[in-house]
Every structure is written in C-alpha cells, then in structure tokens.
Amino acid sequence: MQRRPLHPHKGDQNREQNTEDEKEYYQYGGAMGALFTSVCFIGLTYIVVEKIQSGKWEMLRVPEFPSHVGGWLDFRAAAMFLGWLGAQCILYLLPIGGPIELGSPTKDNGRRLSYRLNGFFVFMVNTICLLAATYAGVPVTMLTSKALQLLTAGLVTFFLLSIVLYAKGMTLRPRDRSPCGQTKSAYYNWFIGVELHPRFGFLDLKLVLFRSVVIGWMIFNWVNVMDAYETGHLTPSLILVSSLQLVYVLDTFWFETGMLVSREIIHEALGFNHLSLCLMIPFTFCVQTRYLVTTGFTLPWYCLVPILVLNLTGYWILRGSNSEKNNFRRNPKDPAFAKYETLPTRVKGKNLLVSGWWGMSRHPNYFGDILINFTFALPTGFGHFLPYLNPVLLVLLLIDRERMDGEDCRQRYGDVWDKYCEKVKYRIIPYVY
C-alpha cells in the first residue's frame with residue numbers, strides 16, 4: 001500500500017531535483033487510508049480500555065462508555081499523564097545512567113546524532129518509585145479505573161504535539177525533511193510526519209517516547225499484579241506472563257543500542273501515526289495480565305512449562321541473531337567471523353552475512369520476537385481472541401516491515417541483494433516463510 005520514488009537519492013543536489021518523485025511516496029493508501037487507520041487504531045484502543053476497566057471480555061458486547069465528560073477526561077488524570085511524561089524527558093536529559101553514543105547516519109542529510117542510552121536506568125527509577133508508592137500505601141490500582149481518562153489525556157497531548165511537530169518540520173528545507181512527508185496532502189504529511197528526527201535541544205522525542213510507552217506497559221502490569229494479589233487472583237499463569245514480559249523489557253533496555261539501528265529510529269518520521277501507535281502500546285499490551293486478573297484463569301504446570309521453553313527458545317533466537325548482527329556490524333574482521341560466508345557490496349565497508357543466524361533467514365530476530373510474543377498470550381488459554389491481538393498485529397507488522405526492508409536493500413545493494421536472496425531463501429521463519 002505504498003508507492004516508492006522512481007529513483008533512489010544519490011546526494012543533496014539530486015534530492016532537490018527529485019522532490020516531485022518524493023511526493024509520490026505514500027503509505028496506507030494515501031490521505032484517506034491514513035484517516036481510516038487513525039480512526040481504527042484509536043477506536044480499537046478505546047474498546048480495549050473499556051474491557052480492561054469493566055472486565056467484560058465478550059467480543060460482541062457493546063462497550064459501555066461514560067455518558068459524562070468527566071468519565072472521559074479529568075484534571076487529575078491529565079496532570080498524572082503530563083507529569084509522568086515530563087519526568088521521562090527530564091530523566092533522559094540527566095547526565096547519568098548511561099553513555100552517549102552516536103547513531104547511524106540519518107536518511108535525510110547523513111548526520112550522526114548523539115543519544116543518551118540510559119533507558120535501563122530510567123526504567124529502574126520508574127520501578128523504584130512505583131514500588132515505593134505501593135509500599136507507602138498509595139492506591140496504585142486506581143490507574144485501572146483512570147485508564148480511560150489517561151488514554152484521552154494522552155490522545156489530546158499527542159494530537160497537539162503532532163501539530164507542533166508538523167509546524168516545526170515545515171520550517172526545514174525540503175532536503176532535511178522526510179521523503180514520505182512531502183506529499184501534496186497536508187493531512188497525510190501531518191499524519192506520517194515531516195521530520196525524521198525531531199529534537200528540542202538534546203531531547204530526542206522518538207527515543208524518549210518509544211522507551212516511555214514500554215515503561216507505561218510495565219506500570220500497568222504491576223498494577224494488574226497488585227490487583228490480583230489484593231483480590232486473591234495471583235495465579236501461576238499471571239506470574240509467568242508478567243515475569244516473561246518483564247524479562248523481555250529488561251532485555252530491551254539493557255541492549256538499548258539496538259534501538260539506534262531500528263527502522264523506527266532510522267527511517268520513519270514522527271507524526272500522528274507513530275504517536276497514536278505509541279499511545280496504543282501501554283493500554284493494549286497489558287491485556288494478557290488484565291485478562292488473567294479479571295477472569296482468574298490459569299493453566300496447569302505441565303502446560304506452562306512448555307510455554308516457558310518456547311519463550312526461552314524465542315529469546316535464544318532473538319538475542320543470538322541480534323548480537324551476531326551487531327558484533328559483525330561493529331567489527332566484521334573479528335576472528336569469530338573468519339569462517340562465515342559474506343557477500344561484498346558496492347557500499348564501502350559493508351558486507352552481507354550469509355552464515356550463522358543470518359544464513360537461516362533474512363530476519364531471524366523477527367522469528368524470535370514472534371515466538372516470544374505468542375508465549376505472552378498462550379497462558380491465557382484459547383477462550384478469548386483479545387489476548388492474541390497484539391501477537392497477531394506484530395506478525396502483520398513484521399511481515400510488512402520485512403518487505404519494506406527488502407525494497408530498501410534492493411535499492412541500496414542492487415544485484416548483490418538478489419544474490420543474497422538466492423542464498424538466503426527464507427524471509428523470517430526458516431523452511432516456512
């Protein structure tokens with residue numbers, strides 16, 4: 001559902017000349033598709049939040065939304081959301097908790113931006129504050145009852161932020177804007193984003209937002225665990241799911257350098273599209289734990305053990321493939337890669353791995369990620385679809401992302417990429433896809 005520019009950019013002068021081609025770059029089918037996507041994802045998030053609050057999981061049940069404005073938004077919820085998000089920005093700016101590292105050359109003008117990688121430190125600060133509040137008797141479980149108001153506060157905040165980012169991006173020269181944010185539709189440009197790396201001083205909004213929504217997910221998980229403890233519904237399934245998700249998040253922040261080479265950071269601008277997806281994550285990723293709390297469902301140990309084994313297998317694939325890729329990118333002459341087969345490319349200093357994990361499929365890390373995320377849903381049984389919504393959406397996202405990555409690599413490496421695809425036939429899952 002996208003159209004690529006006719007010719008890849010080869011420099012700033014060509015970039016100016018190819019402005020008309022860049023305007024042909026569309027995702028989501030253009031402006032109308034973008035509008036439909038916004039409405040669907042935001043509507044879905046509100047429906048999920050209503051089920052989280054009510055504990056009524058029937059798919060065909062009409063959601064029972066509040067009939068008064070205070071049920072949708074109140075001052076206390078807005079202050080909580082803005083205060084917490086502001087704290088995440090401050091923690092990012094503090095000169096503690098992690099090193100400053102350079103990212104990959106940007107796709108707009110080849111800059112290498114610096115990032116403070118203190119995500120693990122920021123997560124631990126949030127966790128300690130949450131534990132302290134719980135120990136002090138603060139009713140943290142009230143966050144569930146305030147979820148709808150918090151969601152609305154976030155939606156209003158991100159909508160206003162998207163307008164600010166659009167106005168900021170329009171002050172840039174065309175060569176410094178995202179190619180996909182230079183269409184003839186102002187609405188589409190606002191939706192998809194105009195600026196690839198919006199910053200206010202050293203504050204990198206994309207990195208802060210991406211780490212903040214993951215922390216928000218863990219906060220809701222803790223609230224669900226405390227709710228289960230207080231109501232006597234702390235089941236083995238809930239303990240397993242919350243523990244697996246915690247380990248997954250800790251791994252993400254411990255290896256935060258991997259975020260700097262992710263597609264979101266390098267290729268995708270920050271517009272209302274990504275802001276609404278960021279808003280969706282903490283409220284929908286906690287569905288598995290909330291479902292287990294409200295239903296009291298659990299599986300016997302002989303079902304949970306194979307799920308744990310599957311999770312560890314997925315983690316082994318994800319961490320092994322990512323570490324191999326990062327180590328090869330950092331030092332391709334490492335003796336550990338002496339027996340690995342590679343394909344030289346026309347890009348200076350860039351070879352393609354066709355051995356090890358990356359000889360099994362073009363994205364083995366995606367395969368590991370898919371396995372891990374399905375183990376978050378399996379302990380909820382098969383009585384309801386909603387706990388499986390996020391893994392299914394992840395599969396669709398990664399399939400689409402793999403195809404976009406393939407197009408980018410074909411433009412960058414030319415015939416070498418075709419040779420690579422002949423050697424590594426499978427896209428994500430070896431011998432399957």
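1. In this predicted model, the side chains of Thr 375 and Asn 311 are joined by a polar contact of 3.0 Å. Thr 375 belongs to helix H15, and a polar atom of its side chain lies 2.4 Å from the backbone oxygen of Ile 372. With a relative accessible area of 0%, Thr 375 is buried.

2. Helix H15 itself covers residues 364-377, 14 residues in total. From its first C-alpha to its last it reaches 21 Å, close to the 20 Å expected at 1.5 Å a residue. Of these 14 residues, 13 are buried, so H15 is largely enclosed by the rest of the structure. An α-helix has 3.6 residues a turn, so residues three or four places apart point the same way.

3. Regarding cysteines, the structure holds 0 disulfides. Cys 129 takes part in none, the nearest cysteine sulfur being that of Cys 89, 16 Å away. Cys 278 is likewise in no disulfide; here the nearest cysteine sulfur is again that of Cys 89, at 12 Å. Cys 278 counts as buried, at 3% relative accessibility.

4. On the surface, a nonpolar patch is formed by Met 59, Leu 60, Phe 385, Val 392 and Leu 396, with about 540 Å² of accessible area together. Met 59 is located in the loop between helix H3 (31-54) and helix H4 (75-93). Its relative accessibility of 46% places Met 59 in the partly exposed class.

Definitions and conventions:
Residues are numbered from 1 along each chain as its sequence is written. This is a predicted model: local features need pLDDT of at least 70, side-chain atom pairs count only at pLDDT 80 or more; totals for chains, interfaces and linings use all residues. Side-chain values use heavy atoms; hydrogens and water are left out. A disulfide is a pair of cysteine sulfur atoms within 2.5 Å. Buried means under 20% relative accessible area, exposed over 50%, partly exposed in between (1.4 Å probe, protein chains only). Helices (H or I, at least four residues) and strands (E, at least two) are DSSP runs, numbered from the N terminus. The expected span of a helix is 1.5 Å times one less than its number of residues. Patches are made of residues with over 30% relative accessible area and no salt bridge: like charges are joined within 9 Å, nonpolar side chains (Val, Leu, Ile, Met, Phe, Trp, Tyr) within 5 Å. Accessible areas come from the Shrake-Rupley method with a 1.4 Å probe; for residues, only the protein chains shown count as cover. A salt bridge is a side-chain nitrogen of Lys or Arg within 4 Å of a carboxyl oxygen of Asp or Glu. A polar contact is a pair of N or O atoms within 3.5 Å; within protein, one must be able to donate a hydrogen and the other to accept it, and residues adjacent in sequence count only if both atoms are side-chain atoms.
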